[in-house]
Amino acid sequence: MKFGVVVFPASNCDRDMYNLLKNVYQKDVEYIWYTQTNISKFDVIILPGGFSYGDYLRAGAMSARAPIMDSIEEHARKGKLVIGICNGFQVLTERGMLPGALIQNKNIRFICQDVFIKVENTNTPFTNQCQKGQVLKIPIAHGEGNYVVDKEVLKELKSYSQIIFRYCSETGEVEKKYNPNGSMENIAGIINKEGNVLGMMPHPERCSEELLGNTQGRLIFDSIIHYLECKEKKEG
Ligand SMILES: NC(=O)CC[C@H](N)C(=O)O
């Protein structure tokens with residue numbers, strides 16, 4: 001099982017991601033520079049957080065047009081996994097690989113704090129080690145995390161259980177007052193219809209080590225690894 005962490009100019013969570021997979025999970029992981037186009041050896045592509053291209057135009061807008069993105073689309077078409085975290089989620093919406101858009105936070109401020117999110121769907125490669133309704137404490141750090149989508153697509157997201165995480169209270173109440181950035185229906189993360197491309201604003205890689213004081217983010221990576229192990233077993 002091989003992980004690839006994409007590096008755009010001004011990504012800044014790529015090293016956290018690499019460190020976690022390499023040193024905590026002891027997995028096979030490589031950085032992939034954004035001009036690379038041959039990514040066929042990777043099972044999982046990770047689009048990390050950061051300020052790629054300085055958030056020029058809109059966060060993720062420039063990266064979505066980078067040379068590597070055609071290959072990432074093809075990787076996803078084959079059913080392989082893609083996860084976009086924060087800036088990575090912004091890239092995926094800008095590219096059209098996930099619906100909707102991430103606009104400026106409602107309070108027009110950059111928000112950096114711990115929040116709580118509720119796991120709404122555990123039947124995915126990214127959440128199979130979570131309990132349905134489980135509440136995770138997890139950090140956010142963004143200026144453009146306010147998820148918007150048109151009403152028709154929102155209906156679709158709901159009917160296909162594509163809303164994976166919602167901002168909530170410590171005890172799991174999903175209410176406006178626990179929504180840090182103004183996202184529609186407290187949406188913190190969604191998956192594509194095929195179920196292999198996930199985008200989330202919170203940062204699981206920032207809460208996956210004892211040293212960081214919180215390991216709840218590991219559930220996401222444990223899920224991915226579990227999924228891949230099952231797949232490898234099946235394929236012999
Ligand atoms: N942590 C990040 O990935 C930053 C996200 C993004 N550039 C923003 O501020 O909205």
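Modeller: Let's start with a rule: a residue is near a molecule or strand if its C-beta atom, placed from the backbone, lies within 6 Å of it. The model is predicted, so local features need pLDDT of at least 70 and side-chain atom pairs count only at pLDDT 80 or more, while totals for chains, interfaces and linings use all residues. Residues are numbered from 1 along each chain as its sequence is written.

Biologist: Good to know! Which residues are around the ligand?

Modeller: They are Gly 49, Gly 50, Phe 51, Asp 55, Ala 59, Cys 86, Asn 87, Ala 141, His 142, Gly 143, Glu 144 and Gly 145.

Biologist: Why is Ala 64 called partly exposed?

Modeller: A residue is buried if 20 or more other C-beta atoms, placed from the backbone, lie within 10 Å of its own, exposed if 12 or fewer, and partly exposed in between. Ala 64 has 19 such neighbours, so Ala 64 counts as partly exposed.

Biologist: And what makes Leu 57 exposed?

Modeller: Leu 57 has 10 other C-beta atoms within 10 Å, and therefore Leu 57 is exposed. Leu 57 also has a positive phi of about 70° although it is not a glycine.

Biologist: How do you know whether Asn 186 is buried or exposed?

Modeller: The count for Asn 186 is 22 other C-beta atoms within 10 Å, so Asn 186 is buried. Its phi is near 60°, a positive value in a residue other than glycine.

Biologist: Which residues does Ala 64 touch?

Modeller: Contact asks for C-beta atoms, placed from the backbone, within 7 Å. Not counting residues up to four places away in sequence, Ala 64 touches Met 69, Val 91, Glu 94 and Arg 95.

Definitions and conventions: Contact = placed C-beta atoms within 7 Å.
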